[in-house]
Amino acid sequence: MADTPHIPAFPTGAAEFAPGCTVWREAIPRALCARTIAAMEAAGARQGTVLRRGGEEHDPAMRACTEHAVSAPDAAAVAQALRTAGAAALRAAGGGHPAFDGPLFCRYARGGHFRAHRDRSHDGADNAVVRGRRISLVCLLNDAEATPGMPAFDGGALVLYPERRPVNVPLAAGAIVAFPADLLHEVRPVRLGIRYAAVAWLFDVPTPEETQHAQS
Ligand SMILES: O=C(O)CCC(=O)C(=O)O
Ligand SMILES: [Fe+2]
């Protein structure tokens, strides 16, 4: 893909702000954020859902956003940056060979939010990809600063709850954060503008024995 923008080799500038929670401040360039936002606006969208008892439900009181199907080289570049961050986070989390799921490109309009939740499911009815989630990855695509091609938003903070105390993650456009998929977190309501973010996960693929056990 000749058009794929080069992703600088990070994690230089990685900061671990809580156990297992790391932020890379300039993981992707702002210009790539702006192009991805434009691609999201041009792409088809569906209402964001939540997983419940093995099914997907639309529950705007829990999660109010739309998911956008972006199929452009820029989307691949964002995915690559998320993979790079995930690989670094994984080394810190003890390694293994998890697979990559995502990214989902999410748009939170005014009032959009995602109430406190954990990304990893412990419900046997949910699929193995979601039950196996180990590391959550978020790339914020815009922030409070309006620049050409990049609308600003206010509110919409990502709040994590390591050790049950809220930590407001200060993300600027282009930053990636990694945190354990079991960790409670939320997206606070957007007060003004539109918040754009890409999310992805590293998940443990069940061994054949585990799959057999689950079916018996
Ligand atoms: O956009 C974010 O900051 C996080 C979104 C989130 O928690 C999720 O999609 O599971
Ligand atoms: Fe989440």
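How do the residues of the shell around ligand 1 divide into nonpolar, polar and charged? They split into seven nonpolar, one polar and one charged. Here Ala, Val, Leu, Ile, Met, Phe, Trp, Tyr, Cys and Pro count as nonpolar, Asp, Glu, Lys and Arg as charged, and the others, Gly among them, as polar.

## Before we start

This is a predicted model, in which local features need pLDDT of at least 70 and side-chain atom pairs count only at pLDDT 80 or more, while totals for chains, interfaces and linings use all residues. Residues are numbered from 1 along each chain as its sequence is written, and chains are lettered from A and ligands numbered from 1 in the order in which they are written.

## Around the ligand

The residues around ligand 1 are C106, F114, D119, V138, L158, H185, V187, A197 and V199; a residue belongs here if its C-beta atom, placed from the backbone, lies within 6 Å of the ligand. Strand 15 (185–187) and strand 17 (195–203) are the elements that give two or more residues to this shell. Helices (H or I, at least four residues) and strands (E, at least two) are DSSP runs, numbered from the N terminus.

## Helix 2 and its cover

Helix 2 covers residues 73–92, which makes 20 residues. From first C-alpha to last, helix 2 reaches 29 Å, close to the 28 Å expected at 1.5 Å a residue (the expected span is 1.5 Å times one less than the number of residues). After helix 2 comes G94, whose phi is positive, near 100 degrees.

Which residues of helix 2 are buried? They are D74, A75, A77, V78, A81, L82, T84, A85, G86 and A89. A residue is buried if 20 or more other C-beta atoms lie within 10 Å of its own, exposed if 12 or fewer, and partly exposed in between, with C-beta atoms placed from the backbone. The cover over these buried residues includes helix 1 (30–42), strand 8 (99–108) and strand 14 (176–180).

In strand 14, five of its five residues are buried. Strand 14 runs antiparallel to strand 2, with three bridges joining them, and W24 has I176 as its bridge partner. Five bridges join strand 10 to strand 14, again antiparallel, and I135 stands opposite P180. Two strands pair if DSSP finds at least two bridges between them.

The largest nonpolar core has 52 residues, and C139, I176 and V177 have the most contacts inside it. Such a core is a set of buried Ala, Val, Leu, Ile, Met, Phe, Trp, Tyr and Cys residues joined through C-beta atoms within 7 Å. Helix 2 and strand 14 are among the elements that each supply at least two residues of this core. Leaving out residues up to four places away in sequence, I176 touches W24, A27, A81, L82, A85, L137, V138 and C139; contact means that the C-beta atoms, placed from the backbone, lie within 7 Å.

Five strands form an open sheet in the order 6-9-15-12-13, with antiparallel pairing. Strand 6 (63–64) and strand 13 (167–169) are the edge strands, each pairing on one side only. Two bridges link strand 6 to strand 9 (residues 113–117), and R63 stands opposite F114.

Why does A157 count as partly exposed? Because A157 has 16 C-beta neighbours inside 10 Å. A157 lies in the loop between strand 11 (153–155) and strand 12. H58, in the loop between strand 5 (55–57) and strand 6, is exposed because 12 other C-beta atoms lie within 10 Å.

How values were computed
Two residues are in contact if their C-beta atoms, placed from the backbone, lie within 7 Å.
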